[in-house]
Amino acid sequence: MRKRALLAVFVALPMVGAYGAYVISYPRYPEVKGCVNPFAVTKSVGRVQEKLVRASYLL
């Protein structure tokens, strides 16, 4: 059982390392001026909108 666990570690660690290297080396998309990022954090316009957001979390 111990040999099987050791083999699993030697197989899993290089795979995790290779994936980590891939993620780090992946190019970032350039920022384009004038475009709206749909994933950016937005601020609410007013108190009515804040109350609606809070109420929607309760549902």
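**Notes on the model**

1. Tyr22 is partly exposed, its relative accessible area being 48%, whereas Tyr19 reaches 55% and counts as exposed; here buried means under 20% relative accessible area, exposed over 50% and partly exposed in between, with a 1.4 Å probe and protein chains only. The model is predicted, so that local features need pLDDT of at least 70 and side-chain atom pairs pLDDT 80 or more, while totals for chains, interfaces and linings use all residues. Residues are numbered from 1 along each chain as its sequence is written, and side-chain values use heavy atoms, with hydrogens and water left out.

2. Tyr19 and Tyr22 both belong to helix H1 (residues 2-25), where three residues, about one turn of the helix, separate them. The chain has two helices and zero strands, taken as DSSP runs numbered from the N terminus (helices H or I, at least four residues; strands E, at least two).

3. Rings of Phe, Tyr and Trp (its six-membered ring) pair if their centres lie within 6.5 Å, and planes under 30 degrees apart count as stacked, over 60 as edge-to-face and the rest as tilted. The count by this rule is two aromatic pairs. The ring centres of Tyr19 and Tyr22 are 6.3 Å apart and their planes stand at 40°, so this pair is tilted. Tyr19, Tyr22 and Tyr26 make up one aromatic cluster.

4. Of the 59 residues in the protein chain, 0% count as buried.5. Cys35 is among the residues lining the largest pocket, an open set on a 1 Å grid (1.4 Å probe; protein on both sides within 12 Å along at least five of seven lines; lining atoms within 4 Å).
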